Amino acid sequence: MQAYRVYPGRHPEAIELFERDLPPPAAHEVRVKVRAVSLNYRDLMVTRGSYPVGSDKPLVPTSDGAGEVVAVGAAVTRFRPGDRVISSFFPHWIDGQPTRAKTSGALGAEADGMLAQEVLLPEDALSAMPAHLSFAEAATLPCAGVTAWNSLFVEGALKPGDSVLMLGTGGVSIWALQLAKAAGLRTIITSSSAAKLERARALGASATINYVEQPEWQEEVLRQTGGEGVNLVLEVGGQGTLARSMAATRMGGSIAIIGGVSGFGGEFNPFALITGAKHLSGIFVGSRSMAEDLVRFVEIHAIHPVVDKLFPFEQAVAAYAYLEAAGHFGKVVITLD
Ligand SMILES: NC(=O)c1ccc[n+]([C@@H]2O[C@H](COP(=O)([O-])OP(=O)(O)OC[C@H]3O[C@@H](n4cnc5c(N)ncnc54)[C@H](OP(=O)(O)O)[C@@H]3O)[C@@H](O)[C@H]2O)c1
């Protein structure tokens with residue numbers, strides 16, 4: 001059976017195919033035939049050695065997969081062969097607040113991940129996938145989907161009619177746009193590309209801003225919101241965007257600190273938080289319980305997450321390069337027969 005392994009830090013030739021044998025499932029384990037894997041920006045960070053959490057030893061990369069149960073251990077009660085399942089980013093964070101123990105062993109960084117023909121996982125590390133989705137679509141839930149859900153509705157606690165700003169049109173932002181639209185939120189999204197903003201409008205974005213043509217895009221967000229700013233920003237930009245995101249947030253609003261595609265670090269003025277009574281909130285993907293809530297919501301609203309491009313398993317290296325080039329809109333997915 002084939003799997004990829006990643007050598008953290010050996011970018012750009014960090015991943016290679018290898019042969020791997022799996023033992024029969026232990027009492028509480030499930031063996032899954034992986035049918036699709038979605039890539040996240042974090043998987044690029046692992047190849048570069050810049051992901052802050054994880055192993056420096058080679059391991060099977062990626063956190064997000066969907067597949068079919070092919071065998072279960074003797075004590076497994078949650079699944080049986082034939083069930084269609086998705087992975088959990090954190091195999092031990094089932095519900096409640098995060099702890100160090102619950103967020104240890106993240107797939108594809110600290111423990112072997114999903115980029116393999118078959119995987120063995122604890123039954124608690126899996127959820128049933130949304131019934132109406134293809135494996136490729138379902139593979140986008142565990143990291144990007146759950147992160148967007150947690151930011152909007154758990155940490156962000158938004159309600160219908162609230163306003164939210166997404167930065168760029170990558171995996172987390174487009175997931176958030178689709179969820180926010182279905183939940184009756186006012187959505188504003190930025191991009192460097194007019195063509196991508198056109199696609200965002202087709203998905204229902206209330207307002208779009210080209211952050212290259214309008215480098216002071218926070219002023220346009222304020223204009224779009226009657227001078228007040230949005231209730232929540234999904235901050236994926238990092239040092240290049242944080243100060244503007246804070247300026248684009250209304251008094252009492254929140255900035256969900258998610259990522260740093262323009263780099264981490266930089267400085268911000270705490271008075272902007274104090275005098276605006278604004279909240280910064282760190283987001284670390286989410287729990288299985290959040291994933292299950294997301295699955296229900298996605299089924300009720302018949303949401304199909306946006307998959308930009310599919311790559312066959314043999315071309316996983318090309319899929320990584322495609323993600324890194326950042327021409328995508330939504331998610332990049334690797335499929336297995
Ligand atoms: N904390 C967590 O739990 C968590 C979970 C998931 C992801 N993340 C982090 O969130 C970030 C996004 O992840 P992802 O997987 O969604 O990435 P992705 O799909 O690779 O998104 C990349 C997109 O970011 C946009 N972008 C780049 N520079 C930008 C800038 N200066 N301003 C606004 N947008 C910019 C671009 O959109 P356009 O092409 O439209 O300009 C680009 O296509 C990463 O830093 C990732 O590590 C964190």
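View 1. Helices (H or I, at least four residues) and strands (E, at least two) are DSSP runs, numbered from the N terminus. Most residues other than glycine have a negative phi.

A quick note before moving on: this is a predicted model, where local features need pLDDT of at least 70 and side-chain atom pairs count only at pLDDT 80 or more, while totals for chains, interfaces and linings use all residues. Residues are numbered from 1 along each chain as its sequence is written.

**View 2. Ala 157, in the loop between H3 and E8**. Here's another residue that is not a glycine but has a positive phi, about 45°. Ala 157 sits in the loop that runs between H3 and strand E8 (163–166). Ala 157 is exposed, because it has 12 other C-beta atoms within 10 Å.

**View 3. A cis peptide bond at Pro 12**. The bond from His 11 to Pro 12 is cis, with omega near 5°. Most peptide bonds are trans. Pro 12 has its place in the loop between strand E1 (2–6) and strand E2 (15–19).

**View 4. The shell around the ligand**. Count the residues that surround the ligand and you get 32, the closest being Gly 168, Gly 170, Ser 191, Ser 192 and Gly 259. (A residue is near a molecule if its C-beta atom, placed from the backbone, lies within 6 Å of it.) H3 gives the largest share of this shell, 3 residues. Helix H1 (41–48), helix H3 (141–154), helix H4 (171–182) and strand E9 (186–191) each supply at least two. Sorted by class, the shell has 14 nonpolar, 16 polar and 2 charged residues. (Ala, Val, Leu, Ile, Met, Phe, Trp, Tyr, Cys and Pro count as nonpolar, Asp, Glu, Lys and Arg as charged, and the others, Gly among them, as polar.)

**View 5. Where domain 1 meets domain 2**. Domain 1 covers 2–142 + 304–335, and domain 2 covers 156–282; these bounds come from an automatic or database domain assignment. Their C-alpha centres are 28 Å apart. Across the boundary, 8 residues of domain 1 are in contact with 10 residues of domain 2, where contact means C-beta atoms, placed from the backbone, within 7 Å. The side of domain 1 that touches domain 2 has 4 nonpolar, 3 polar and 1 charged residues. The ligand's shell draws at least three residues from each domain.

**View 6. E9 and E10, side by side**. E9 runs parallel to strand E10 (residues 207–210), joined by 4 bridges; strands pair if DSSP finds at least two bridges between them. Ser 191 stands opposite Asn 210 in E10.

**View 7. Val 230, a buried residue in E11**. Val 230 belongs to strand E11 (residues 230–235). Val 230 counts as buried because 28 C-beta neighbours lie inside 10 Å. Among the residues it touches are Val 164, Ile 188, Val 221 and Ala 248.

Technical notes
Buried ≥ 20, exposed ≤ 12 C-beta atoms within 10 Å, placed from the backbone. Contact = placed C-beta atoms within 7 Å. Lists of a residue's contacts leave out its neighbours within four places in sequence.
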